Amino acid sequence: MKKILLIFAIGAFYNATAQQFDKKLVLKQMILANDYFMQKWPETGKTIITNKERPSNIWTRGVYYEGLMALHEIFPKETYYDYAMSWSEFHKWGFNGGNTTRNADNYCAAQTYIDLYNLEQDSKKLKNTKANLNMLLNTPQLDDWSWIDAIQMGMPVFAKMGVLEKDNRYFEKMYQMYMYSRNKHGDHGLFNPKDGLWWRDADFDPPYKEPNGEDCYWSRGNGWVIAALAKVLTIIPENAPHREQYVKDLKTMAAALVPIQRPDGFWNVSLHDPTNFGGKEASGTALFVYGMAYGVNKGILKKETYLPVIEKAWNALTKESLHENGFLGFLQSTGKEPKDGQPLSYDKIPDFEDYGLGCFLLAGSEIYKMK
């Protein structure tokens with residue numbers, strides 16, 4: 001009996017230690033992916049041309065710089081700081097749409113502006129951010145975030161400003177806008193507590209169905225939400241109002257994601273219908289890794305339950321998506337549902353390469369912090 005218990009203990013110890021990440025390798029993988037992008041885009045202000053020409057401070061690039069600042073936090077390399085500063089300076093610390101934009105995609109860039117301000121204070125860095133956020137704070141609208149992607153683009157800006165200004169009004173407005181999206185947009189809100197997942201916008205809540213009859217839960221859209229919750233929780237104080245709501249929703253989402261992870265470690269673009277453009281997809285997977293890894297790191301999620309899920313997903317991203325030159329494959333192009341940007345493949349270049357890298361860097365940064 002003692003021998004059996006000893007063998008079991010040794011096996012348990014082996015499994016626990018085997019699931020720890022090689023931090024040097026994780027950092028190396030993040031640097032590889034980031035170097036590929038920085039070398040491809042040496043001019044930070046260069047416009048992005050796909051089906052049309054866009055300025056480089058749109059949301060796709062804003063998400064990349066979120067990831068870059070997360071990398072800079074764990075590996076503060078001067079070239080990363082300079083790259084972020086160059087981008088911010090080129091755009092004069094401003095937004096696509098100006099200081100009166102209500103579109104969270106536009107003021108997503110403020111997440112990086114505030115991070116850079118915190119590293120070196122200079123009032124010019126926040127002139128536009130404060131003007132735009134004050135407008136949002138002091139006007140009555142709560143329904144701006146009518147698509148769930150906006151939750152990630154917008155919530156962390158309010159959280160960072162609330163901390164910076166020591167002003168709970170930002171936390172309250174953020175909560176009101178989040179709960180409006182959660183409970184009021186569409187027919188019954190965009191969050192389905194029964195399934196623990198979110199419909200992308202009002203176009204996809206019932207009676208809309210996927211080909212197999214299930215609800216449409218888009219992978220990256222749900223990724224944006226769990227990432228927003230994780231990021232906000234890293235920013236706001238422990239005693240901040242409504243923190244328990246964000247913790248509860250992160251836990252609910254994480255629990256819903258575990259049983260629908262693919263055997264290969266990825267998640268399908270349609271979370272409840274693997275037949276609708278089923279296959280590997282990197283951006284949603286990376287965002288889920290980020291949210292779950294944060295949850296484990298902070299003791300919100302049980303390590304024994306979620307570490308194997310995180311490990312399987314990160315291995316999938318680094319072995320099946322990450323190329324030797326740093327390019328990320330299996331990345332769905334911009335869109336709002338499973339059919340957009342299809343089909344995906346290891347070599348296919350998406351319409352934008354920046355936001356997927358941002359998601360990957362966010363995931364890697366949180367894995368790097370794991371003990």
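Predicted model: local features only at pLDDT ≥ 70, side-chain atom pairs only at ≥ 80, totals over all residues.
Close-up 1. Start with H91, which counts as buried at 13% relative accessibility. This histidine lies in the loop between helix 4 and helix 5. Which side chain does the side chain of H91 make a polar contact with? That partner is S56, and the distance is 2.6 Å. Setting aside neighbours within four places in sequence, H91 is also in contact with T44, P55, N57 and Y113, along with S56 itself.

**Close-up 2. T101, another stop in the loop between helix 4 and helix 5.** Here helix 4 covers residues 78–90 and helix 5 covers 104–107. Is T101 buried or exposed? T101 is buried, since its relative accessible area is 7%, under the 20% cut-off. A polar atom of the T101 side chain sits 3.2 Å from the backbone nitrogen of N103. If you skip residues up to four places away in sequence, T101 touches N96, N106, Y107, N132, M135 and L136.

**Close-up 3. Helix 7 and what covers it.** Helix 7 runs over residues 127–137. Its buried residues are N128, T129, N132, L133, M135, L136 and L137. Among them you can find N132, M135 and L136, which T101 from the previous view touches. So what covers the buried part of helix 7? The cover includes helix 5, helix 6 (110–119), helix 8 (149–165) and helix 9 (168–183).

**Close-up 4. Helix 9 packing with helix 11.** Now follow helix 9 to helix 11, which spans residues 243–257. The two pack at an angle of about 35°, and their axes are 11 Å apart. Helix 9 passes helix 11 in a left-handed crossing. On the helix 9 side, the residues that meet helix 11 are F171, M174, Y175, Y178, M179 and R182. On the helix 11 side, look for Q245, Y246 and D249. Sorted by class, this contact has six nonpolar, one polar and two charged residues.

**Close-up 5. Two cysteines, C108 and C359, and no disulfide.** How many disulfides does the model have? The count comes to zero. For C108, the nearest cysteine sulfur is that of C359, 10 Å away. Seen from C359, the nearest cysteine sulfur is that of C108. Because a disulfide needs the two sulfur atoms within 2.5 Å, C108 is in no disulfide, and C359 is in none either. C108 is buried, with a relative accessible area of 1%. C359 is buried too, and its value is 0%.

**Close-up 6. L307 and A316 in helix 13.** L307 counts as buried at 5% relative accessibility. Its C-alpha atom is separated by 9.8 Å from that of M370, 63 residues apart along the chain. A316 is buried as well, with a relative accessible area of 4%. Which residues is A316 in contact with, leaving aside its neighbours within four places in sequence? They are D264, G265, F266 and S321. The C-alpha atoms of A316 and E281 are separated by 10.0 Å, and these two residues are 35 residues apart along the chain.

Key. Residues numbered from 1 in each chain as written. Heavy atoms only, no water. Helix = DSSP H or I, 4+ residues; strand = E, 2+ residues; numbered from the N terminus. Buried < 20%, exposed > 50% of the residue type's maximum accessible area, 1.4 Å probe, protein only. Polar contact = N/O pair within 3.5 Å; in protein donor to acceptor, adjacent residues only side chain to side chain. Contact = heavy atoms within 4.5 Å. Axes fitted to C-alpha atoms, helices over the stretch in contact; angles between N-to-C directions. Left-handed = near helix turned anticlockwise from the far one by under 90°. Nonpolar A, V, L, I, M, F, W, Y, C, P; charged D, E, K, R; others polar.
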